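Subject: Structure handover

Hello,

Here is the structure you asked about. My notes on it follow below.

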Amino acid sequence: MTVDLRETTSGVVGAVFNVYFGLPFDVIKVRLQTQSRQPIYHGFVDCFTKTVRQESVRSLWKGAVPALSSTILENAVLFSANGAIRRLVFDHSANELSTMEEALVGSASGFFSAAAITPAEVIKCRLQTYQHAESMGIWRCIQTVVRESGLAGLTAGLPAVMLRDVPFNFCFFGAYDYYTNKILEIMGADSRRDLHPLAVLTAGGLAGATSWTAVFPADVIKSRMQVDASLSFRQAVRSVWRVQGVAGFYRGWSSAVMGSFPADGSLFLGVEMTHRFFAHLEMPN
């Protein structure tokens, strides 16, 4: 597979947009997901209020550096793999792919991105959770994980990341294609390049909300495994089921969905604007 640096760059730009617009929601989501039997927080608003009151507004961007490194790596790999798989498998241009083909290419790309981001995800989840709040230093957090679980601790939750990211990207790319096509029909436009940035933002946000809803239980399990590296996948599932039942697999869902609109909408906006910038550079004078 050949990698196109324009696709990699678009993924990086989209990742920066994604992190700074979506991280506060992600912090709340992870804290709600990883509570013990006696919860500290009672819903999104309560968690948000207590976090800001007890730790300041800056705490909503706790884990920003590992989150940014994780998201840049994830999306650089994701969009690079997406373009490479597209060229490898299909013998026609990107604009000619059906919605199902877009979804399948997205899911295949998810295997590559999931393997790439797991170590940074482990550190991000550790820094974001209440019980690890004092361990603010990234290097200190890495040392703690390695001391407790060895280097394998940095891959904690990889099966759950795969279980989340492969179907997520199937839904994500498929839903984005579906929503953009619907918007194109409504607006009477011919190409995605003709869409207003707000339309791109809306399609990306809707795609993110749809995809998070589909795969959220896997994300809950991933967060549990990455905060407590001693848990196996089965143990993490049982611990959530035993304490909270079915509702436990959707704890933090509202935060994820609310965050997906600015975060995933901004991701696709950054990707689309970067592609338009490169297309403008390539236009003949």
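I start with one arginine. At 23% relative accessibility, arginine 192 counts as partly exposed. Buried here means under 20% relative accessible area, exposed means over 50%, and partly exposed is in between, using a 1.4 Å probe and protein chains only.

Before the rest, a word on the source. This is a predicted model, where local features need pLDDT of at least 70 and side-chain atom pairs count only at pLDDT 80 or more, while totals for chains, interfaces and linings use all residues. Residues are numbered from 1 along each chain as its sequence is written, and side-chain values use heavy atoms, with hydrogens and water left out.

Salt bridges

Side chains of opposite charge can pair when their charged atoms come close. I call a pair a salt bridge when a side-chain nitrogen of Lys or Arg is within 4 Å of a carboxyl oxygen of Asp or Glu. The structure holds 10 of these salt bridges.

Arginine 192 pairs with aspartate 177, with the closest N and O atoms 2.4 Å apart. Arginine 192 lies in the loop between helix 6 and helix 7, and aspartate 177 lies in helix 6, so the pair ties together parts 15 residues apart in sequence. Helices are DSSP runs (H or I, at least four residues), as are strands (E, at least two), and they are numbered from the N terminus. Aspartate 177 has 5% relative accessibility and counts as buried.

Next is arginine 164. Its salt bridge is with aspartate 219, and the closest N and O atoms are 2.7 Å apart. This pair links distant parts of the chain: arginine 164 is in helix 6 (residues 158-187) and aspartate 219 is in helix 7, 55 residues apart. Arginine 164 is buried, at 7% relative accessible area. Aspartate 219 is buried too, at 0%. Arg164, Asp165 and Asp219 are linked in a network of salt bridges.

Arginine 86 forms a salt bridge with glutamate 102, and here the closest N and O atoms are 3.3 Å apart. The partners sit in distant parts of the chain, with arginine 86 in helix 3 (residues 64-89) and glutamate 102 in helix 4 (residues 99-128), 16 residues apart. Both arginine 86 and glutamate 102 are buried.

Repeats and helix packing

Over residues 195-277 the chain is 82% helix and 0% strand. The end C-alpha atoms of that stretch are 14 Å apart.

Two packed helices are described by the angle between their axes and the distance between the axes. Axes here are lines fitted to C-alpha atoms, for helices over the stretch in contact, and angles run from 0 to 180 degrees between N-to-C directions. Angles under 35 degrees count as roughly parallel, over 145 as roughly antiparallel, 65 to 115 as roughly perpendicular, and the rest as oblique.

How do helix 7 and helix 9 cross? The axes of helix 7 (residues 197-227) and helix 9 (residues 253-282) come within 6 Å and cross at roughly 135 degrees. The two are therefore oblique to each other. Their contact residues divide into 14 nonpolar, seven polar and three charged. Nonpolar covers Ala, Val, Leu, Ile, Met, Phe, Trp, Tyr, Cys and Pro; charged covers Asp, Glu, Lys and Arg; the others, Gly among them, are polar.

The axes of helix 1 and helix 9 come within 7 Å and cross at roughly 165 degrees. That makes helix 1 roughly antiparallel to helix 9. By class, this contact has 13 nonpolar, 12 polar and five charged residues.

Single residues

Valine 12 is in helix 1 (residues 5-33). It is partly exposed, at 28% relative accessible area. The C-alpha atoms of valine 12 and glutamate 74 are 8.7 Å apart, and 62 residues separate the two along the chain.

Most residues other than glycine have a negative phi. Serine 56 has a positive phi of about 85 degrees although it is not a glycine. Serine 56 is in the loop between helix 2 (44-55) and helix 3. At 34% relative accessibility, serine 56 is partly exposed.

Best wishes
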